Amino acid sequence: MEHDDEQAIRTLIATWLSETRAGNVDAVLELMAPDAIFLIAGQPPMVGREVFADNLRKVLSDNAIDSNSIVDEVVVAGDIAYSRSRLEVTISSKHGQTPMRRSGHTLSVYRKSEGKWRLIRDANMLA
């Protein structure tokens, strides 16, 4: 069962990246808990799924996002799990400006509820 849970989390990460690339904010929201908290270097914590959605929609209104992730570790302990990844993000302006590239490490925490894994905390150390 633990292997199935690990694979489900790896699938969640891949789905997150592909749905973000496609600009499908609603599909990304389904992958997180309503009370998710995002920690981003140099910024105050972003609390809640709706705050995240507003920020992502704002970025996607003028940009395209392409991300690649190498998952270094997934640990499952009952209904809580975490993953550690290396993430590369390119944000390309729809107006032809120079793309912005960021890379770094992430630490994400998940909770299984009603048979589905959802992101509950994310620490993003992109520089």
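How many residues apart do E6 and R10 lie in helix α1? They are four residues apart, about one turn of the helix.

The legends below describe a predicted model, in which local features need pLDDT of at least 70, side-chain atom pairs count only at pLDDT 80 or more, and totals for chains, interfaces and linings use all residues. Residues are numbered from 1 along each chain as its sequence is written, and side-chain values use heavy atoms, with hydrogens and water left out.

**View 1. The open sheet of six strands.** The strands follow the order β2-β1-β6-β5-β4-β3, with mixed pairing. Helices (H or I, at least four residues) and strands (E, at least two) are DSSP runs, numbered from the N terminus; two strands pair if DSSP finds at least two bridges between them. At the edges stand β2 (46–47) and β3 (63–77), each of which pairs on one side only. Strands β4 (residues 80–93) and β5 (residues 100–113) run antiparallel and are joined by 12 bridges. Within β5, R111 is the bridge partner of I80.

View 2. Helix α3 (residues 49–62) lies across β1, β2, β3 and β4, at about 145 degrees to β3. Axes are lines fitted to C-alpha atoms, for helices over the stretch in contact, and angles run from 0 to 180 degrees between N-to-C directions.

**View 3. The buried side of helix α3.** The buried residues of α3 are R49, F52, A53, L56 and L60; buried means under 20% relative accessible area, exposed over 50%, and partly exposed in between (1.4 Å probe, protein chains only). These residues cover an arc of only 100 degrees around the axis and therefore lie on the same side of α3; the arc is that of the directions from the helix axis to the C-beta atoms. Among the elements covering them are α1, α2, β1, β2 and β3. The face turned away from the buried side carries the exposed residues D54 and K58.

View 4. In the bridge between E6 and R10, the closest N and O atoms are 3.1 Å apart. E6 is partly exposed at 25% relative accessibility, and R10 is partly exposed at 28%. The side chains of D26 and R57 also meet in a salt bridge (2.7 Å, N to O). D26 lies in helix α2 (residues 25–29) and R57 in helix α3, so this pair ties together parts that are 31 residues apart in sequence.

View 5. The closest N and O atoms of the bridge between D72 and R84 are 3.7 Å apart. This pair links distant parts of the chain, with D72 in strand β3 and R84 in strand β4, 12 residues apart. D72, E73, R84 and R86 are linked in a network of salt bridges.

**View 6. The surroundings of R102.** R102 is found in strand β5 and is partly exposed, with a relative accessible area of 38%. Not counting residues up to four places away in sequence, R102 touches L87, E88, V89, L126 and A127.

Conventions
Contact = heavy atoms within 4.5 Å. Salt bridge = Lys/Arg side-chain N within 4 Å of Asp/Glu carboxyl O.
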